[in-house]
Amino acid sequence: MRVVKDYEGSAVIIAELDKTQNECVLVSPYVKLWDRLHLALERAIERGVRIEAFIRYPESDLDVNKVKGTVTDFTKLGVKTYLVKNLHAKIYSFDQSVIVSSMNLYDFSQQNSIELSVLFDESDTITEIKNYINDHIKRVAIPYHESSSNNIEKLVEKEGFCIRCRARIKDDPVHPLCSNCYTIWAKYGNPNYLENYCLSCGKEIKTNIAKPYCYECYSKNISKNKKEDNHVQTKPNPILIILIFAVLLFIFIQCITCQQ
Ligand SMILES: [Zn+2]
Ligand SMILES: [Zn+2]
């Protein structure tokens, strides 16, 4: 364990990143990359390091532009970005170490702010912190959706849960399992195999690939679809109405003339 003060934090992050060969996870609510960090990320990507970034979900439509800027920078580099609601933790995880810090990956903070970082290189602690990232951050992270819209709702894919492990995935009934669980499922390919969660709300309930929703979510979807269908069907056809009216009028006139 090593305590790192103020501006030294950014140098240590870059040094640890340069040593990494496999995987790096950056958890930082706010991001504005500075040149040296940008270059270190480029070097890592060239070495084949898999890098994921978790940033704070925008609180208002005003924040969306900043988030979009960050995601664009990361995407150009080849870093997959996720949004996390209420994110405040700052953790930088590498192959052989983890840094827990008060510092965001923010240009301004690394130069001017009073910050404290702690680098852990004991394997037990590294495992514990990496488990924390998996259980408390990755699980609730929302994949960023490429969108030209500045509206928060449209920025993210409709959220759902893997029906086997409850990992966060897109709410898409065609793909109700995360990639890991799908690989295992595909070995047997049984569509009736019982899974553990509802795709839409994540409630613990027996589901399967063919029926991935709980009863409530299924009926919600059905009533939504019905509403859309009804909307289309309730549009009256004016020609048909005129035709019916003409036929009725004809019969009425016929009746009157018959009675005379
Ligand atoms: Zn899964
Ligand atoms: Zn549900």
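Helices (H or I, at least four residues) and strands (E, at least two) are DSSP runs, numbered from the N terminus. By that count, the protein chain holds 9 helices and 14 strands. This is a predicted model, in which local features need pLDDT of at least 70 and side-chain atom pairs count only at pLDDT 80 or more, while totals for chains, interfaces and linings use all residues. Residues are numbered from 1 along each chain as its sequence is written.

**Overall picture**
- A residue is buried if 20 or more other C-beta atoms lie within 10 Å of its own, exposed if 12 or fewer, and partly exposed in between, with C-beta atoms placed from the backbone; of the 260 residues of the protein chain, 25% count as buried.
- Two residues are in contact if their C-beta atoms, placed from the backbone, lie within 7 Å. Among contacts between residues at least 6 apart in sequence, 61% join residues at least 24 apart.

**The sheet**
- Two strands pair if DSSP finds at least two bridges between them. On that basis, 8 strands form an open sheet with mixed pairing, in the order E1-E9-E7-E6-E2-E4-E5-E10.
- E1 and strand E10 (142–143) stand at the edges with a single partner strand each, so one side of each has no neighbour in the sheet.
- Helix H5 (residues 123–137) packs on this sheet, where it touches E2 (23–27), E4 (50–56), E5 (80–84), E6 (91–93), E7 and E9. The direction of H5 makes about 115 degrees with that of E6; axes are lines fitted to C-alpha atoms, for helices over the stretch in contact, and angles run from 0 to 180 degrees between N-to-C directions.

**A look at strand E9**
- In a regular strand the side chains alternate between the two faces of the sheet.
- E9 (residues 116–120) has Ser-117 and Leu-119 on its covered face, with Leu-116, Val-118 and Phe-120 on the uncovered one.
- E9 pairs in the antiparallel sense with E1 (residues 2–5) over 4 bridges, and with E7 (residues 98–101), also antiparallel, over 4 bridges.
- Val-118 is the bridge partner of Val-3, and Val-100 stands opposite Val-118 as well.

**Positive phi and an uncovered helix**
- Most residues other than glycine have a negative phi.
- Asp-6, in the loop between E1 and helix H1 (8–19), has a positive phi of about 45 degrees. Asp-6 counts as partly exposed because it has 16 C-beta neighbours inside 10 Å.
- Arg-166, in the loop between E11 (159–161) and E12 (168–170), has a positive phi of about 70 degrees. With 18 other C-beta atoms within 10 Å, Arg-166 is partly exposed.
- Helix H7 (residues 179–188) is hardly covered, with 0 buried residues among its 10. Gly-189, which follows H7, has a positive phi near 65 degrees.

Conventions: Chains are lettered from A and ligands numbered from 1 in the order in which they are written.
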